[in-house]
Structure formats: C-alpha cells, structure tokens
Amino acid sequence: MPVHERLPEDTPTEPVFDQGGSKGLRGLISTTLKELSTMTEDTKIDFVYLSEQDMIKAGVTDMPACVDAMEEMFGLLYHGDYRMAGPNNDSHGAAISFPETSPFPDMPKPTADRRFMAMPAYLGGQFRTAGMKWYGSNIANREKGLPRSILMFCLNDADTGAPLAFMSANLLSAYRTGAIPGVGARHLARKDSRTVGILGPGVMAKTTLSAFMATCPMIDTVKIKGRGQQSLDSFLGWLSGTFPQITNVEIVDSIEAVVRDSDLVTFCNSGAVGDPSTYPKVRREWVKPGAFLAMPALCDIDEGMKRLDIRKVVDNTGLYDAWYHELPKPAHVYVPILGVKFMDMIAEGAMNRDQLEDIGKIIAGDAPGRQHDDEIIIMSVGGMPVEDVAWGTVVYRNAIEQGIGVKLNLWDVPVLR
C-alpha cells in the first residue's frame, strides 16, 4: 500500500562542490533541481474512487471474509490498538439531528431516522489505516425508491492523512454490521443450531442471516416477520436464490413466533425512537434453552431476560459508556440498542457492571464462550466505525491488487504547504 508523504522542510541537502567554481555551482543547481523533482514525486497524491459495482467486484459481499475481518478487528479492539472519537475514544460518531419545530421553513423535518452522521476511527494491526463513514438517513427515502441511509466512506493513510480511497459504503456498512452477529454466533451459538428467527426482512436481515450461515452451516429453517408484503417478497426471493439449503421458510405474525423454538434470533427492524414501551420485546418464556440472540436494532427485554442466568454480551462496553455519557437519561429512550438498556439497568442498580461481557474478551480467550448447551446468551450490536475501517481496508486492498476503481488525482504538488 503506497504511503504518500513529502520531505520535511528541514531535510538536509548534500550538494558536492568541486574545485571549479561555476562547475560547483552548476553541481549545486543540478542537485537542487533533482531534489525538487523528487519532492514533486513524493507530494503527488492519487486515490481511488470505488462505486458500488466496484465494491462488489472487490469482494465487499464476501461474508465469510467479512466475518473473519470483524473477528480480527475485535482482537485489536480488546487489546486497545484502535481509536474512535469522543473523550474515551469509543464514540459511535457525531450526528446532526433536527428539531420538532424550526423558524426556518427549509430545515429538514425530524422524521424517523432523519439525521446526518460522521463516524471516524483508526484501526491498527495489519490494517493500520484511518477512515470516516459519512451519511444522511431518512426512513422516508423508501417512498422514493432509495435506501433509508445513503453512505460514503473515506479511507486514509494513517501516517500522512492522505486519502487512499473514497468508496460507496451502503454495502460496506451492511456487511460489516451483519458480520458482527456472525462473529457472536461463532463463539456463542450452539454448533448444531438449525432454526433462525428474524424480525424485519430488510437489508440487515439478509446480511445477518448470511453471517449466521457462514458460522452455523447446519441452519435449514428460517422464520421471518415483516410489516409489508413488498419487503417480505424481496427477502424471500433473495433467500431462495442465495441459500437453497434452507428448506423450511415460515412467515410468522408475532414476535413471540419469531423467538419461540429458534436457536438463533435477531431483530433487524427499524422504527420510531423515543418510547421504549414500543420497542420489540423479548420475553423469557419465549426463549428456547441454548438460544443465542443477536440484536443490532430496536430491542427491549422483560424482567425474566434481566436475570443473572441470562448472559449479556456487547460488542464493546466502551461504546455504550460513550453513548451513556452523551445522552440524556434514561438513555434507552434516545438510542434503542439493547446495550444502552444495559447501561440504564446498571445506573438503576438492576444490573452489576461485571455482568456485562465484551465479545473481544471472549474471542481473545480471556473469558469463556458458550459454557453449556442450555445457556441463553443475548448480544447487543451497536455498530462502530472501526468496523468500517477494517472491512473498507480489506476491500480497498483487494481493489488495488485487482486494478478495480477509478484513479483520481488530489494534486501533484500542493499549492499551500
């Protein structure tokens, strides 16, 4: 991978003066011009633009590879070789939201999922890159035939800050998000898991199921609950074409039916935020002994699921600490992710902090994975920009190796330096 840098301004020169005066001056001039030429080469910065189709060619939809990259990322996260934003270096990102009322008639309205957001991070190890995902989101986009969120990702050299790539990021984000439940299932699900229960048949459901399939190859049954026939039909068409080995598909009409008798459960729904009583809830009496539940979307739990015998795992405790520091309380009102609910429970004294487990610690072998066949484990998936950096770096390197993308020039020599 190229590293773009220029000579420091105090780099010493070594002209050779001979006995012949003007010849010596010519030698100095010749050496200086040669050095300036070298500096010009060093200051030139090119980067690659990767469209969505370029990203596909470069392997962004390779879910088994994405799961492996996310597992490696969690190892770096656990050992501290990363940085995100915020005072504890664990922030999800910075968002622009909009008020209910505004004196400015052209200001966007606060519809569901309406925001702009920047998510920066650095990741070390063999990645050693930095990057930022930037996106606008509005659930009303679906009425225009657009995804709820429209995302781009900028990957940068960690030494100079020079751009390496500017890439379409909807698939990047969807696959890295779906891969996290797959990492969890690799370490926490029963190896003989066969039945998956899914709430919300959208993009996140497709990538999460893909990750489950990459780590639990015995899956042959899917139960799915959706709100609209169009999204259900899209999911079912994708499912039959992608995983023909799934021979049993059941459309269910309740959250209870999603959860009951499922070995793997995931909530991938979207919805209004602000009233936790409206978030889809998991009730203990529905959950099968030995089930693994991975929750990357709106979720709440009943009193039975709060008990000590239910293991509670998160992708990164520091992420939820950052959210809890940033948000009004109770925080679950504002961020409907289950790990934020855990933080509220800790603050209320309903849960001890040492009951919360990080998946990175489990992957590193410093905490146990699944301990017995009847153990119930629920995992919160909050989403972190280090995931974008990890998968974006892998896809970028694939693209460079395969000559994929459009080369763009930032400058040959910067005007200001």
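Lys329 sits over the face of Tyr324, 4.7 Å from the ring centre; a charge is taken to lie over a ring when NZ of Lys or CZ of Arg is within 6 Å of the ring centre and within 35 degrees of the ring normal. The peptide bond from Lys329 to Pro330 is cis, with omega near -5°. Pro330 belongs to the loop between α8 (317–326) and α9 (338–348), where helices (H or I, at least four residues) and strands (E, at least two) are DSSP runs numbered from the N terminus. The model is a predicted one, in which local features need pLDDT of at least 70 and side-chain atom pairs count only at pLDDT 80 or more, while totals for chains, interfaces and linings use all residues. Residues are numbered from 1 along each chain as its sequence is written, and side-chain values use heavy atoms, leaving out hydrogens and water.

Helix α8 also holds Tyr320 and Trp323, three residues apart, or about one turn of the helix. These two form a tilted aromatic pair, 5.7 Å centre to centre with 50° between the planes. Rings of Phe, Tyr and Trp (its six-membered ring) pair if their centres lie within 6.5 Å, with planes under 30 degrees apart called stacked, over 60 edge-to-face and the rest tilted. Tyr320 is buried at 0% relative accessibility, and Trp323 is buried at 9%; buried means under 20% relative accessible area, exposed over 50% and partly exposed in between (1.4 Å probe, protein chains only).

Across the whole structure, a search finds five aromatic pairs. In one of them, Phe235 and Trp238 have ring centres 5.6 Å apart and planes at 45°, so this pair is tilted. Both residues, Phe235 and Trp238, are buried, and they are three residues apart in helix α6 (residues 229–242). Phe98, Phe116 and Trp134 form one aromatic cluster.

Most residues other than glycine have a negative phi. Arg128, however, has a positive phi near 45°; this residue is in the loop between β4 (115–123) and β5 (129–137) and is partly exposed, with a relative accessible area of 44%. Asp261 likewise has a positive phi, near 70°. Asp261 lies in the loop between α7 (255–259) and β11 (264–267) and counts as exposed at 53% relative accessibility.
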